[in-house]
Amino acid sequence: MIEKRPFAQRELIVREGMRMRHAYFIENGLTRSYWLVDGQEITTSFSTGGSIVFSMDELYYGEVSQEYVQALEPCEAYAIAIDDLRGLVRSNLRFAAWWTAIHQDEYRRLHRSHKDRLTLPARRRYEEFVRQFPDVARRAPLGCIASYIGVTLPTLSRLRAANLSQDK
């Protein structure tokens, strides 16, 4: 069964160390996934309307989540039980093909993001982020973007200021 579920801004959708038992299809709003490392939040991804968020550890490995997912804006989502989602993937060929395509796209995005963080200077990382995610670049808090591209907030502020002056 699928149920509509609203999330308030800053509400945690997935929590580290817990089983959430649901995946959420985001209808509208903005979320971020992050790890807590030595007390510091490290943003790993953003999701907007049309995306799905869940604990990968729970869905694929039956373990508690290793990360958090937080609503950065008020979100409307549709919740589906993890067991029902697994059943759909096993029993519905069209759904399974769609599920596979989502995972292929996400793997490609993660692979590129990892490569960019290891090989590109900060300015290029920010430019690539804006190119790939223009909507998220306008909507997400700067601290989350800085964490995602692997720079400090003051560095991101300088990069944004330099890009704005170039656009004039």
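**Figure 1. Lining of the largest pocket, by residue class.** The lining of the largest pocket comprises 17 nonpolar, 13 polar and 6 charged residues. The structure shown here and in the following views is a predicted model. The space in the largest pocket amounts to about 1,100 Å³. The elements that contribute two or more residues to its lining are β4 (30-37), β5, β6 (52-53), α1 (56-61) and α3.

**Figure 2. Centre of the largest pocket.** Of the 36 residues that line the largest pocket, Thr44, Ser45, Glu106, Arg109 and Leu110 lie nearest its centre. Helix α3 gives the most to this lining, with 12 residues.

Figure 3. Ser45 is located in strand β5 (residues 40-48). With a relative accessible area of 11%, Ser45 is buried, because the cut-off for a buried residue is under 20%. Residues up to four places away in sequence being left aside, Ser45 touches Thr31, Arg32, Ser33, Glu106, Arg109 and Tyr148. Ser45 is also among the residues nearest the centre of the largest pocket, as are Glu106 and Arg109.

**Figure 4. Contact of helices α2 and α3.** The axes of α2 (residues 82-91) and α3 (residues 93-119) come within 6 Å and cross at roughly 105°. Helix α2 is therefore roughly perpendicular to α3, since angles of 65 to 115 degrees are counted in that class. On the α2 side, the contact is made by Leu85, Leu88, Val89 and Ser91, which meet Leu93, Phe95, Ala96 and Trp99 of α3. The residues of this contact divide into 7 nonpolar and 1 polar, with no charged residue.

Methods:
Residues are numbered from 1 along each chain as its sequence is written. This is a predicted model: local features need pLDDT of at least 70, side-chain atom pairs count only at pLDDT 80 or more; totals for chains, interfaces and linings use all residues. Side-chain values use heavy atoms; hydrogens and water are left out. Axes are lines fitted to C-alpha atoms, for helices over the stretch in contact, and angles run from 0 to 180 degrees between N-to-C directions. Helices (H or I, at least four residues) and strands (E, at least two) are DSSP runs, numbered from the N terminus. Angles under 35 degrees count as roughly parallel, over 145 as roughly antiparallel, 65 to 115 as roughly perpendicular and the rest as oblique. Contact means heavy atoms within 4.5 Å. Ala, Val, Leu, Ile, Met, Phe, Trp, Tyr, Cys and Pro count as nonpolar, Asp, Glu, Lys and Arg as charged, and the others, Gly among them, as polar. Buried means under 20% relative accessible area, exposed over 50%, partly exposed in between (1.4 Å probe, protein chains only). On a 1 Å grid over the protein atoms alone, a cavity is a set of points where a 1.4 Å probe fits but cannot get out, and a pocket is an open set with protein on both sides within 12 Å along at least five of seven lines; lining residues have an atom within 4 Å of a point. Grid points are joined across faces, edges and corners, and a volume is the space filled by probe spheres set on the points.
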